Amino acid sequence: MKYLDEFNDPKLARRLLDEIRATVTRPWALMEVCGGQTHSIIRHGIDQLLPEEVELIHGPGCPVCVTPLECIDKALEIAARPDVIFCSFGDMLRVPGTDRDLFRVKGEGGDVRVVYSPLDALQLARRHPDRQVVFFAIGFETTAPANAMAVHQARRLGLTNFTLLVSHVRVPPAIEAIMTAPSCRVQGFLAAGHVCSVMGMAEYPELAERHRVPIVVTGFEPLDILEGIRRTVRQLERGEHRVENAYARAVRTDGNPAAIRMIEEVFEVTDRSWRGIGRIPASGWRLTEAYRDHDAEHRFDVTGIRTEEPAECRAGEILQGLIKPTDCAAFGTTCTPRTPLGATMVSSEGACAAYYLYRRMSEPAHPREEMNPVG
């Protein structure tokens, strides 16, 4: 299969691993800021195959996981209203709010529906003019164009019963927050290829220069990730801090100009809270004044909710790369996919879910040389 089989070749993986091993001379800590990359790393055991000098830190790359608890509770309140059809991608339904989740709301009679696109929700609004249709618009820059297009279409069609509950976040301000944190150990970044395929790479050179860290745009297959690591380690060993594109088959320097124009028409930059991390300046989007009538928070007046995370859940530290899932006492015991304490255990891109799914219940003390890379 094009761009899958080629990027799962064990011989090429071993060659890249040998190059990394021959290049590294001292310890380096790299962070991937993408949940899809995290799952690929854990699924294929890439972190265990690397030389012990190279540590991979899992960053806040899961959009479901960083959606703040306050926003989840707003979604639950809106979804429970009898005049609402609440639409969401499936991985949001199990994310715990303060005292329930969207599955519980659905079981209690709320009209909660799983959709595969915001345009599916838009069609529901057309078919049910007597109901308020709300789409839970979460995600990084990757999902923003489709959500912006849905609102744009709603206004063009005159659909006054369609709104978004927006919790969009942006990657570059998150990198800034990570690098300026007192506890930061990150020395290089693997940037998310799908984000850069939309937004391009214009925001990264200034970050790389100011914080003196290499940033390598990387894909999601095993060889993509190993090549990203190889390039990052090579820069670190040379004392360089540049932006490199190791995912040129999907990413252009200027991204997708049409998608960017749509985002800029519908959304404006705002401060945003990240679950377990806190408020990061200019790290999100909200609907512009011209589209404010399609803002579910404005429509349903759910702005005063205050929440508190469960004390035993250490997802915030995991999202910041301070600990691994296996360092949390609740992991795999009181916190499982069936009884999650935090979003990192239920999201399809969450680090805790990856460790649980691929049975990484403890961290090995040493990489295992005898493991077969990729295959």
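**The open sheet and its surroundings**

Author: Arg272 stands opposite Ile280, a residue of β11. Strands here are DSSP runs (E, at least two residues) and helices likewise (H or I, at least four), numbered from the N terminus. The model is predicted: local features need pLDDT of at least 70 and side-chain atom pairs pLDDT 80 or more, while totals for chains, interfaces and linings use all residues. Residues are numbered from 1 along each chain as its sequence is written, and side-chain values use heavy atoms, without hydrogens and water.

β10 pairs with β11 (residues 278-287) in the antiparallel sense, over seven bridges; pairing requires at least two DSSP bridges between two strands. Both belong to an open, mixed sheet of six strands, ordered β4-β3-β5-β6-β11-β10. Its edges are β4 (111-114) and β10 (267-274), each of which pairs on one side only. On average, neighbouring strands are turned by 25° against each other, direction ignored.

Two helices lie across this sheet. Helix α7 (residues 118-127) lies across β3 (84-88), β4, β5 (132-139) and β6 (162-169), at about 170° to β5. Helix α8 (residues 144-157) lies across β5, β6, β10 and β11, and runs at about 155° to β6. Axes are lines fitted to C-alpha atoms, for helices over the stretch in contact (heavy atoms within 4.5 Å), and angles run from 0 to 180 degrees between N-to-C directions.
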